[in-house]
Amino acid sequence: MSACRAPRGLANRRRVTVLAVGATVAALSLTACGGGGPSGGSADTKFVQGKGGVDTVAKENRKDAPQLSGKTLEGKPLDVADYKGKVVVLNVWGSWCTPCRAEAPNLVKVAKDTKAKGVQFIGINTRDSNRAPALSFEKEYGVGYPSLYDPMGKLMLRFPKGSLNPQTIPSTIVLDREGRIAARALTPLSEERLRSMVTPLIAEK
């Protein structure tokens, strides 16, 4: 019998601590303020890499989005699944992120222009240690759509392996009306590029 073996309870606590730290490190390893990064997932992703850093998936190959729910920056409950039947645009952002500020006016404009066409924008705010800077960001840019508050990036870890998952900040992911991942951009978006992601999904039946 080893004289150095930790008691079973202590060993279990250590194991839980290591797993928790590992998850946090993984969440925080998203490339901050990316200008585009490697297209992720695996050979099973079956996406088409388009121009300008936008990747798309054919209808027959799309994967369901993970459960994405929590409290908004205003403290209200929000579940992305409640918007099934709409095209949903998910934008991962932080108030500290310069490219996020650059693309914010484009997101706001397209969100307003497409709302009547069945498009819902939802932000995922990450790495803001408190809500105040993020709320100031929304006020500054006139952001009218809600954002889930995800300071540790835990929601990002829920995206399935082999899907078009977010890897940088900012990232933008578009879900079709069935709640499946249809397009992704790992770079700040111009208005034109954002519309090119959303318009085909509005037209889908």
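I began at Glu191, which is partly exposed with a relative accessible area of 25%.

A note on the ground rules before going on. I am working on a predicted model, where local features need pLDDT of at least 70, side-chain atom pairs count only at pLDDT 80 or more, and totals for chains, interfaces and linings use all residues. Residues are numbered from 1 along each chain as its sequence is written, and side-chain values use heavy atoms, with hydrogens and water left out.

**Entry 1: the overall layout.** I counted 4 helices and 9 strands in the protein. Helices (H or I, at least four residues) and strands (E, at least two) are DSSP runs, numbered from the N terminus. Read from the N terminus, the order is α-β-β-β-β-β-α-β-α-β-β-β-α. The protein has 205 residues, and 43% of them count as buried. I then looked up contacts, meaning heavy atoms within 4.5 Å. Of those between residues at least 6 apart in sequence, 73% join residues at least 24 apart. The accessible surface is about 10,700 Å², with 55% of that belonging to carbon and sulfur atoms; the areas come from the Shrake-Rupley method with a 1.4 Å probe, and for residues only the protein chains shown count as cover.

**Entry 2: salt bridges.** My criterion is a side-chain nitrogen of Lys or Arg within 4 Å of a carboxyl oxygen of Asp or Glu. That rule gives 10 salt bridges. Back at Glu191, I found its side chain in a salt bridge with Lys109, at 3.7 Å from N to O. This pair links distant parts of the chain, since Lys109 sits in helix α2 and Glu191 in helix α4, 82 residues apart. Lys109 also has a salt bridge to Asp113, at 3.1 Å from N to O. Lys109 and Asp113 are both in α2, 4 residues apart, which is about one turn of the helix. Lys109 is partly exposed at 39% relative accessibility, and Asp113 is partly exposed at 34%.

Which residues did I find linked in a network of salt bridges? They are Arg62, Asp176, Glu178, Arg180 and Glu204. Within it I looked up Arg180 and Asp176, whose closest N and O atoms are 3.0 Å apart. Both Arg180 and Asp176 are buried.

**Entry 3: helix α4.** I checked the length of α4 (residues 191-203) next. In α4, I listed Leu194, Met197, Val198, Leu201 and Ile202 as buried. The buried residues of α4 pack against several elements, among them β2 (54-57), α2 (98-114) and β8.

Entry 4: Ser171 lies in strand β8 (residues 171-175). Is Ser171 buried or exposed? I found Ser171 buried, with a relative accessible area of 0%. A polar atom of the Ser171 side chain is 2.6 Å from the backbone oxygen of Thr168. Not counting residues up to four places away in sequence, Ser171 touches Leu90, Asn91, Val92, Pro166, Ala185 and Leu186. I also looked at the peptide bond from Ile169 to Pro170, which is cis, with omega near 5°. Pro170 belongs to the loop between β7 (147-150) and β8.

Entry 5: Gly53 is in the loop between β1 (47-49) and β2, and is partly exposed at 34% relative accessible area. Leaving aside neighbours within four places in sequence, I found Gly53 in contact with Arg184, Ala185 and Leu186. The C-alpha atoms of Gly53 and Arg193 are separated by 9.3 Å, although these residues are 140 apart along the chain.

Last, I stopped at Arg127, which has a positive phi of about 65° although it is not a glycine. Arg127 lies in the loop between β6 and α3 (131-141), and counts as partly exposed at 25% relative accessibility.

Conventions
Buried means under 20% relative accessible area, exposed over 50%, partly exposed in between (1.4 Å probe, protein chains only). A polar contact is a pair of N or O atoms within 3.5 Å; within protein, one must be able to donate a hydrogen and the other to accept it, and residues adjacent in sequence count only if both atoms are side-chain atoms.
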